[in-house]
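Subject: Handover of a model, with notes on pockets, cavities and local geometry

Dear colleague,

I am passing on to you the structure that follows, and I would be grateful if you could read the notes below it with the model open beside you.

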Amino acid sequence: MFQSRLKQFADRALMRRLSPLESGTGPTIQYAGRQVILLSSNDYLGLATHPDVVRAAIHATEQYGAGSGASRLISGTLPPHMHLEASLAAFKGTEAALLFGAGYLANIGIIPNLVGQGGLILADRLCHASLIDGCRLSRADFRIFRHRDCAHLESLLRRRRANRPTVIITEGLFSMDGDVAPLSDLVSLAERYEATLYVDDAHGTGIMGPAGRGTIEHFGLEQQIPFHMGTLSKALGSHGAYIVGPNDLIQYLVNVARPFIFTTALPPAIAAAAAAAVAVIQREPARRMRLWSNRQRLFNGVQKLGFRTTQTVSPILPILVGDAATASALAERLLTHGIYASAIRPPTVPDGTSRIRFTVTSEHTTEQIDEALHALDLAGRETGLL
Ligand SMILES: *Cc1c(COP(=O)(O)O)cnc(C)c1O
């Protein structure tokens, strides 16, 4: 039975397989017996291997142990958790913060407690799978609006039954297209139609905004968007997720969010590493500068080669290919030229929009970026895309 199902994936070039690295993450990695340039990591600022972050993890393990021993509400709330929640709230300028074991858990834990049966959720078409699963778990009616299309969203809001509890869901910086949500317009619509706006800023946190506080800071909307979630696993180089917002919201979630209540607290090392990463982001703005100049170099090069991309404004740089088989072929050719960049295929992205998704970091050298562009030129010709 499983074999025939697997064959269906293979036939459509949609088979997924693990690709084990032979090293840790970084601008270069060891893979399939050689060193290659990695352009597929979310560690935008290189913080996963930053000495201060690594040292914080080691110290916390020595001081508090490898595991936290229990869920947060039993006996698993240790000093690193309290310190990280305080750091995140201070960094984001909110009253409080609450940790979750992962972004996936945060989204499926929070959304069903914002709206339930009888309510309405309106979500951007490109929302992450964890947001979609949170919507499904909520039992609210759930509609998709076209990507970044506020006119479409408004038409859905206008048609809804009066007084219906409504939540609008978007990512701040979209993970697969690298473009940003029209947050100012979403705020206005949420106000006008008395809806709650839920922003997932997994990818924006640490890189967007003058101080790296994220996409909401980028748009100057911190006063207008009183709470949002993000992860510790992308630019923060660690693991887990958070929601930041007013005290009463956080206290409410402590009481109702099942993926918060019924799971073991994050290991002390992870929490300590994330707190150290928040400090680095505030202390080393030069990393953000390097990231954006690398991003511009890669973006200009890709444009010059003539590849199709999205409306990206970020270090996420999709090379749109179309069908899944060609995307896989391009990834293979890139690898033979020393570039690791994985193909992204349905259902992660909509049908016909398979792509290579480059992500560049602050730690890539200009030589590595130029090498990647050269490889892309060769691989593009070899696959008939150029
Ligand atoms: C990565 C991601 C998540 C999931 O976060 P994890 O911590 O990896 O579980 C959620 N939402 C978005 C938009 C993401 O990019």
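The notes below go through the pockets, the cavities, the ring contacts and the backbone.

Please keep in mind that this is a predicted model, in which local features need pLDDT of at least 70 and side-chain atom pairs count only at pLDDT 80 or more, while totals for chains, interfaces and linings use all residues. Residues are numbered from 1 along each chain as its sequence is written, and side-chain values use heavy atoms, with hydrogens and water left out.

The largest pocket has a volume of about 1500 Å³, and of the 42 residues that line it, R16, S342, A343, I344 and T348 are the closest to its centre. Two or more lining residues come from each of α6 (129–138), α14 (324–336), β11 (339–340) and β12 (343–344). A pocket here is an open set of points on a 1 Å grid over the protein atoms alone, with protein on both sides within 12 Å along at least five of seven lines, whereas a cavity is a set of points where a 1.4 Å probe fits but cannot get out; lining residues have an atom within 4 Å of a point. Grid points are joined across faces, edges and corners, and a volume is the space filled by probe spheres set on the points. Helices (H or I, at least four residues) and strands (E, at least two) are DSSP runs, numbered from the N terminus.

The lining of the largest pocket draws at least three residues from each of domain 1 (15–44 + 285–382) and domain 2 (51–283), with bounds that come from an automatic or database domain assignment. By class, this lining divides into 21 nonpolar, 10 polar and 11 charged residues, where Ala, Val, Leu, Ile, Met, Phe, Trp, Tyr, Cys and Pro count as nonpolar, Asp, Glu, Lys and Arg as charged, and the others, Gly among them, as polar.

The second largest pocket has a volume of about 210 Å³, and its lining, which includes K92, E95, F227 and H228, divides into 4 nonpolar, 5 polar and 3 charged residues.

Cavities

A search of the whole structure finds 2 cavities of 30 Å³ or more. The largest cavity has a volume of about 90 Å³; among the residues that line it are R72, H81, F100, P259 and F260, and β3 and α11 each supply at least two residues of the lining. The second largest cavity, with a volume of about 30 Å³, is lined by L45, L47, V280, I281, E284, R287 and R288. Two or more of its lining residues come from each of α12 (268–283) and α13 (285–305), and by class its lining has 4 nonpolar, no polar and 3 charged residues.

Ring contacts

The whole structure holds 3 aromatic pairs, a pair being rings of Phe, Tyr and Trp (its six-membered ring) whose centres lie within 6.5 Å, with planes under 30 degrees apart counted as stacked, over 60 as edge-to-face and the rest as tilted. The rings of F100 and F260 have their centres 5.9 Å apart and their planes at 65°, so this pair is edge-to-face. Since F100 lies in strand β3 (residues 96–100) and F260 in helix α11 (residues 258–261), the pair ties together parts that are 160 residues apart in sequence. Both F100 and F260 are buried (under 20% relative accessible area, with exposed over 50% and partly exposed in between; 1.4 Å probe, protein chains only).

The rings of Y198 and F227 have their centres 6.4 Å apart and their planes at 50°, so this pair is tilted. Y198 is buried, with a relative accessible area of 0%, and F227 counts as buried at 10%.

Backbone

Most residues other than glycine have a negative phi, and most peptide bonds are trans. Against that background, a cis peptide bond joins P346 and P347, with omega about 5°, and P347 is placed in the loop between β12 and β13 (354–359). R139, which is not a glycine, has a positive phi of about 65°; R139 lies in the loop between α6 and β5 (141–145) and is exposed, with a relative accessible area of 61%. E194, likewise not a glycine, has a positive phi of about 50°, and at 71% relative accessibility E194 counts as exposed.

With best regards
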